[in-house]
Amino acid sequence: MPFKIGEASRLLGVSTQSIRAYEEAGILTPHRSENGTRYFDEWDLIRLMSFKKYREMELSIAEIIGHFQDDTLDRFSAVLASHAGSLRRRAEALLRVADAVDEHKRVIDLASEALQLTDSPAHYRLDDLVLGLGQKEYTETLGQWIKSLPAMVISPVISAANPLEQPRWALSVSEEDAARWGVGIHLNGVKHIPSRPSARAPVAVDMGIPMGACIEPVIRELAGQGVTLDETGEIWGRQVSSETIDGMVRLHYILWIPIYR
(Lines give C-alpha, C1' and ligand atoms only; values in the text may rest on other atoms or scores of the structure.)
Protein backbone atom coordinates (compact mmCIF):
# COMPACT_ATOMS: atom_id res chain seq x y z
CA MET A 1 0.00 0.00 0.00
CA PRO A 2 1.61 3.29 -1.06
CA PHE A 3 1.60 6.28 1.30
CA LYS A 4 1.63 10.00 0.57
CA ILE A 5 4.36 12.11 2.18
CA GLY A 6 2.13 13.36 4.97
CA GLU A 7 0.96 9.84 5.76
CA ALA A 8 4.52 8.50 5.82
CA SER A 9 5.56 11.41 8.04
CA ARG A 10 2.80 10.75 10.59
CA LEU A 11 3.26 6.98 10.49
CA LEU A 12 7.00 7.05 11.21
CA GLY A 13 7.37 10.34 13.07
CA VAL A 14 9.75 11.75 10.46
CA SER A 15 9.26 15.37 9.46
CA THR A 16 8.26 16.11 5.88
CA GLN A 17 11.25 18.50 5.74
CA SER A 18 13.63 15.61 6.51
CA ILE A 19 11.91 13.37 3.98
CA ARG A 20 12.34 16.02 1.28
CA ALA A 21 16.03 16.41 2.24
CA TYR A 22 16.58 12.67 1.79
CA GLU A 23 14.75 12.78 -1.53
CA GLU A 24 16.73 15.78 -2.80
CA ALA A 25 19.96 13.97 -1.89
CA GLY A 26 18.87 10.99 -3.98
CA ILE A 27 18.87 8.42 -1.15
CA LEU A 28 15.09 8.15 -1.19
CA THR A 29 13.23 7.80 -4.50
CA PRO A 30 9.46 7.64 -4.03
CA HIS A 31 7.21 7.02 -7.02
CA ARG A 32 5.51 10.11 -8.40
CA SER A 33 2.09 10.13 -9.99
CA GLU A 34 1.33 12.03 -13.17
CA ASN A 35 0.28 15.06 -11.14
CA GLY A 36 3.51 14.97 -9.10
CA THR A 37 2.18 13.42 -5.90
CA ARG A 38 4.82 11.37 -4.06
CA TYR A 39 3.96 7.81 -3.07
CA PHE A 40 6.16 5.81 -0.68
CA ASP A 41 6.11 2.03 -0.82
CA GLU A 42 7.22 -0.48 1.82
CA TRP A 43 10.88 -0.28 0.77
CA ASP A 44 10.80 3.51 1.10
CA LEU A 45 9.32 3.16 4.60
CA ILE A 46 12.02 0.69 5.61
CA ARG A 47 14.67 3.14 4.43
CA LEU A 48 12.98 5.96 6.32
CA MET A 49 13.00 3.81 9.46
CA SER A 50 16.75 3.32 9.00
CA PHE A 51 17.19 7.08 8.67
CA LYS A 52 15.07 7.64 11.78
CA LYS A 53 17.13 5.10 13.72
CA TYR A 54 20.28 7.08 12.98
CA ARG A 55 18.55 10.37 13.82
CA GLU A 56 17.55 8.89 17.20
CA MET A 57 21.26 8.18 17.66
CA GLU A 58 21.68 11.96 17.12
CA LEU A 59 23.53 11.67 13.84
CA SER A 60 22.90 14.72 11.70
CA ILE A 61 20.85 14.54 8.50
CA ALA A 62 24.04 15.47 6.60
CA GLU A 63 25.90 12.52 8.16
CA ILE A 64 23.05 10.16 7.30
CA ILE A 65 22.92 11.41 3.72
CA GLY A 66 26.70 11.10 3.42
CA HIS A 67 26.59 7.50 4.60
CA PHE A 68 23.84 6.41 2.24
CA GLN A 69 25.26 8.31 -0.73
CA ASP A 70 28.80 6.96 -0.67
CA ASP A 71 30.28 5.20 2.33
CA THR A 72 31.91 1.97 3.46
CA LEU A 73 31.36 0.00 6.63
CA ASP A 74 34.84 0.88 7.85
CA ARG A 75 34.33 4.60 7.33
CA PHE A 76 30.88 4.51 8.93
CA SER A 77 32.25 2.53 11.87
CA ALA A 78 34.81 5.30 12.45
CA VAL A 79 32.05 7.95 12.26
CA LEU A 80 30.01 6.04 14.84
CA ALA A 81 33.01 5.62 17.14
CA SER A 82 33.70 9.35 17.01
CA HIS A 83 30.04 10.16 17.56
CA ALA A 84 29.80 7.80 20.56
CA GLY A 85 32.80 9.54 22.12
CA SER A 86 31.16 12.91 21.59
CA LEU A 87 27.93 11.70 23.20
CA ARG A 88 29.81 10.36 26.20
CA ARG A 89 31.59 13.69 26.68
CA ARG A 90 28.23 15.47 26.51
CA ALA A 91 26.76 12.99 29.02
CA GLU A 92 29.66 13.60 31.39
CA ALA A 93 29.15 17.35 31.02
CA LEU A 94 25.42 16.99 31.78
CA LEU A 95 26.22 14.91 34.88
CA ARG A 96 28.54 17.69 36.07
CA VAL A 97 25.74 20.21 35.56
CA ALA A 98 23.31 17.94 37.46
CA ASP A 99 25.80 17.73 40.33
CA ALA A 100 26.10 21.54 40.31
CA VAL A 101 22.29 21.81 40.49
CA ASP A 102 22.24 19.38 43.44
CA GLU A 103 24.94 21.42 45.18
CA HIS A 104 23.04 24.67 44.61
CA LYS A 105 19.90 23.10 46.10
CA ARG A 106 21.95 21.98 49.11
CA VAL A 107 23.20 25.53 49.63
CA ILE A 108 19.68 26.96 49.27
CA ASP A 109 18.60 24.55 52.03
CA LEU A 110 21.51 25.80 54.18
CA ALA A 111 20.01 29.29 53.97
CA SER A 112 17.25 28.06 56.29
CA GLU A 113 19.64 26.70 58.92
CA ALA A 114 20.87 28.45 62.06
CA LEU A 115 24.26 29.99 62.70
CA GLN A 116 26.88 27.24 62.97
CA LEU A 117 30.53 27.10 63.99
CA THR A 118 32.46 25.16 61.38
CA ASP A 119 35.39 25.42 58.98
CA SER A 120 35.06 27.40 55.78
CA PRO A 121 35.56 25.37 52.59
CA ALA A 122 38.94 25.63 50.90
CA HIS A 123 38.49 27.15 47.46
CA TYR A 124 40.00 29.11 44.60
CA ARG A 125 38.94 32.70 44.13
CA LEU A 126 39.12 35.32 41.40
CA ASP A 127 38.85 38.68 43.17
CA ASP A 128 37.78 42.10 41.92
CA LEU A 129 35.06 40.81 39.63
CA VAL A 130 33.99 44.35 38.71
CA LEU A 131 37.24 46.32 39.01
CA GLY A 132 39.31 43.88 36.97
CA LEU A 133 37.17 43.88 33.85
CA GLY A 134 39.17 46.61 32.13
CA GLN A 135 42.42 44.66 32.43
CA LYS A 136 43.32 42.35 29.54
CA GLU A 137 44.90 39.55 31.58
CA TYR A 138 42.06 39.56 34.10
CA THR A 139 39.46 39.48 31.33
CA GLU A 140 41.20 36.47 29.74
CA THR A 141 41.15 34.62 33.08
CA LEU A 142 37.50 35.51 33.63
CA GLY A 143 36.64 34.24 30.15
CA GLN A 144 38.13 30.83 30.97
CA TRP A 145 36.44 30.66 34.37
CA ILE A 146 33.03 31.55 32.97
CA LYS A 147 33.10 28.40 30.82
CA SER A 148 32.66 26.51 34.10
CA LEU A 149 29.93 28.82 35.45
CA PRO A 150 27.54 26.09 36.72
CA ALA A 151 30.14 25.25 39.37
CA MET A 152 31.08 28.88 40.05
CA VAL A 153 29.93 30.88 43.05
CA ILE A 154 29.39 34.65 43.06
CA SER A 155 31.04 35.73 46.30
CA PRO A 156 30.93 38.88 48.40
CA VAL A 157 34.23 39.53 50.22
CA ILE A 158 34.35 41.92 53.18
CA SER A 159 37.09 42.81 55.67
CA ALA A 160 36.19 41.31 59.06
CA ALA A 161 37.69 44.42 60.67
CA ASN A 162 35.15 46.63 58.89
CA PRO A 163 32.00 44.62 58.13
CA LEU A 164 30.07 47.78 57.22
CA GLU A 165 32.20 48.39 54.15
CA GLN A 166 30.83 47.72 50.69
CA PRO A 167 31.61 44.15 49.64
CA ARG A 168 34.07 43.39 46.91
CA TRP A 169 32.82 40.79 44.44
CA ALA A 170 34.61 37.67 43.34
CA LEU A 171 34.09 34.34 41.65
CA SER A 172 34.98 31.26 43.65
CA VAL A 173 35.03 27.53 43.07
CA SER A 174 35.68 24.63 45.45
CA GLU A 175 38.85 22.59 45.11
CA GLU A 176 36.81 19.56 44.04
CA ASP A 177 34.82 21.44 41.38
CA ALA A 178 37.98 23.13 40.08
CA ALA A 179 39.36 19.67 39.32
CA ARG A 180 36.10 18.31 37.88
CA TRP A 181 35.47 21.28 35.58
CA GLY A 182 39.07 21.86 34.58
CA VAL A 183 39.10 25.40 35.99
CA GLY A 184 42.36 27.25 35.39
CA ILE A 185 43.68 27.61 38.94
CA HIS A 186 47.11 28.93 37.94
CA LEU A 187 45.81 31.77 35.78
CA ASN A 188 46.48 35.43 36.46
CA GLY A 189 44.64 36.75 39.53
CA VAL A 190 43.50 33.39 40.95
CA LYS A 191 44.07 32.86 44.68
CA HIS A 192 43.90 29.71 46.78
CA ILE A 193 41.94 30.33 49.98
CA PRO A 194 42.56 27.66 52.63
CA SER A 195 39.97 26.39 55.07
CA ARG A 196 39.81 28.19 58.42
CA PRO A 197 37.66 28.28 61.59
CA SER A 198 34.50 30.20 60.81
CA ALA A 199 30.93 30.83 61.71
CA ARG A 200 28.63 29.88 58.85
CA ALA A 201 25.73 32.30 58.78
CA PRO A 202 22.71 32.54 56.48
CA VAL A 203 22.06 36.22 55.76
CA ALA A 204 19.06 37.75 53.99
CA VAL A 205 19.54 41.21 52.52
CA ASP A 206 16.60 43.26 51.29
CA MET A 207 17.35 45.11 48.08
CA GLY A 208 18.72 48.57 48.89
CA ILE A 209 19.90 47.64 52.39
CA PRO A 210 23.71 47.54 52.93
CA MET A 211 24.96 44.01 53.50
CA GLY A 212 26.98 45.15 56.51
CA ALA A 213 23.80 46.13 58.33
CA CYS A 214 22.72 42.49 58.09
CA ILE A 215 26.12 41.15 59.18
CA GLU A 216 26.39 43.20 62.38
CA PRO A 217 23.56 41.33 64.17
CA VAL A 218 25.34 38.05 63.39
CA ILE A 219 28.59 39.37 64.88
CA ARG A 220 26.70 40.50 68.00
CA GLU A 221 25.14 37.05 68.28
CA LEU A 222 28.59 35.46 68.08
CA ALA A 223 29.89 37.80 70.78
CA GLY A 224 26.94 36.82 72.97
CA GLN A 225 28.01 33.20 72.59
CA GLY A 226 31.54 34.08 73.64
CA VAL A 227 32.94 33.65 70.11
CA THR A 228 35.71 36.09 69.13
CA LEU A 229 35.81 37.55 65.64
CA ASP A 230 39.17 37.23 63.84
CA GLU A 231 39.49 40.75 62.46
CA THR A 232 42.63 39.84 60.50
CA GLY A 233 40.57 37.68 58.16
CA GLU A 234 37.88 38.24 55.55
CA ILE A 235 34.19 37.54 55.62
CA TRP A 236 33.61 35.47 52.54
CA GLY A 237 30.38 34.05 51.18
CA ARG A 238 28.33 32.86 48.32
CA GLN A 239 25.23 34.32 46.75
CA VAL A 240 22.56 31.67 47.16
CA SER A 241 19.47 32.98 45.41
CA SER A 242 16.80 35.63 45.60
CA GLU A 243 13.12 35.66 46.29
CA THR A 244 10.48 38.25 45.52
CA ILE A 245 7.60 38.62 47.95
CA ASP A 246 4.93 41.31 47.49
CA GLY A 247 7.25 43.10 45.08
CA MET A 248 10.17 43.14 47.52
CA VAL A 249 13.41 41.51 46.37
CA ARG A 250 15.41 39.71 49.05
CA LEU A 251 18.90 38.34 48.36
CA HIS A 252 20.12 35.32 50.30
CA TYR A 253 23.76 34.59 51.11
CA ILE A 254 25.75 32.06 53.07
CA LEU A 255 28.65 33.83 54.79
CA TRP A 256 31.72 32.37 56.49
CA ILE A 257 32.84 34.76 59.23
CA PRO A 258 36.43 34.20 60.50
CA ILE A 259 36.65 33.44 64.21
CA TYR A 260 39.17 32.32 66.81
CA ARG A 261 38.53 28.85 68.17
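Analyst: Tyr253 counts as buried because its relative accessibility is 3%; buried means under 20% relative accessible area, exposed over 50% and partly exposed in between, with a 1.4 Å probe and protein chains only. Please note that this is a predicted model, in which local features need pLDDT of at least 70 and side-chain atom pairs count only at pLDDT 80 or more, while totals for chains, interfaces and linings use all residues. Residues are numbered from 1 along each chain as its sequence is written, and side-chain values use heavy atoms, with hydrogens and water left out.

User: How many aromatic pairs are there by the rule?

Analyst: The count is six aromatic pairs. Rings of Phe, Tyr and Trp (its six-membered ring) pair if their centres lie within 6.5 Å; planes under 30 degrees apart count as stacked, over 60 as edge-to-face and the rest as tilted. Tyr54 and Phe76 form an edge-to-face pair, with 5.2 Å from centre to centre and 85 degrees between the planes. This pair links distant parts of the chain, since Tyr54 is in helix α3 and Phe76 in helix α5, 22 residues apart. Helices (H or I, at least four residues) and strands (E, at least two) are DSSP runs, numbered from the N terminus.

User: Are those two buried or exposed?

Analyst: Tyr54 counts as buried at 16% relative accessibility, and Phe76 is buried with a relative accessible area of 7%. Trp169 and Tyr253 form a tilted pair, 6.3 Å centre to centre and with 40 degrees between the planes. That pair also links distant parts of the chain: Trp169 lies in strand β6 (residues 168-174) and Tyr253 in strand β11, 84 residues apart. Trp169 is partly exposed, because its relative accessible area is 26%.

User: Which residues form one aromatic cluster?

Analyst: The cluster consists of Tyr22, Phe51, Tyr54, Phe68 and Phe76.

User: Back to helix α5, please. What span should it have?

Analyst: Helix α5 covers residues 73-110, and at 1.5 Å a residue its 38 residues should span 56 Å; the end C-alpha atoms are 55 Å apart, which agrees. The expected span is 1.5 Å times one less than the number of residues. Its buried residues are Phe76, His83, Gly85, Ala100, Val107 and Leu110.

User: What do those buried residues pack against?

Analyst: The buried residues of α5 pack against α3 (42-56), α4 (61-69), β8 (197-206), β10 (234-245) and β11 (248-260).

User: New topic: which strands pair with β6?

Analyst: Strand β4 (residues 123-126) runs antiparallel to β6 and is joined to it by four bridges. Strand β5 (residues 153-159) also pairs with β6 in the antiparallel sense, over five bridges. Two strands pair if DSSP finds at least two bridges between them. Leu126 has Leu171 as its bridge partner in β6, and Ser155 stands opposite Ala170 in β6.

User: Finally, where is Glu113?

Analyst: Glu113 is in the loop between α5 and β3 (116-119). Glu113 is partly exposed, with a relative accessible area of 38%.

User: What does Glu113 contact?

Analyst: Leaving aside neighbours within four places in sequence, Glu113 is in contact with Arg200 and Pro202, where contact means heavy atoms within 4.5 Å. The side chains of Glu113 and Arg200 are joined by a polar contact of 3.2 Å. A polar contact is a pair of N or O atoms within 3.5 Å; within protein, one must be able to donate a hydrogen and the other to accept it, and residues adjacent in sequence count only if both atoms are side-chain atoms. Arg200 is found in strand β8 and is buried, with a relative accessible area of 14%.
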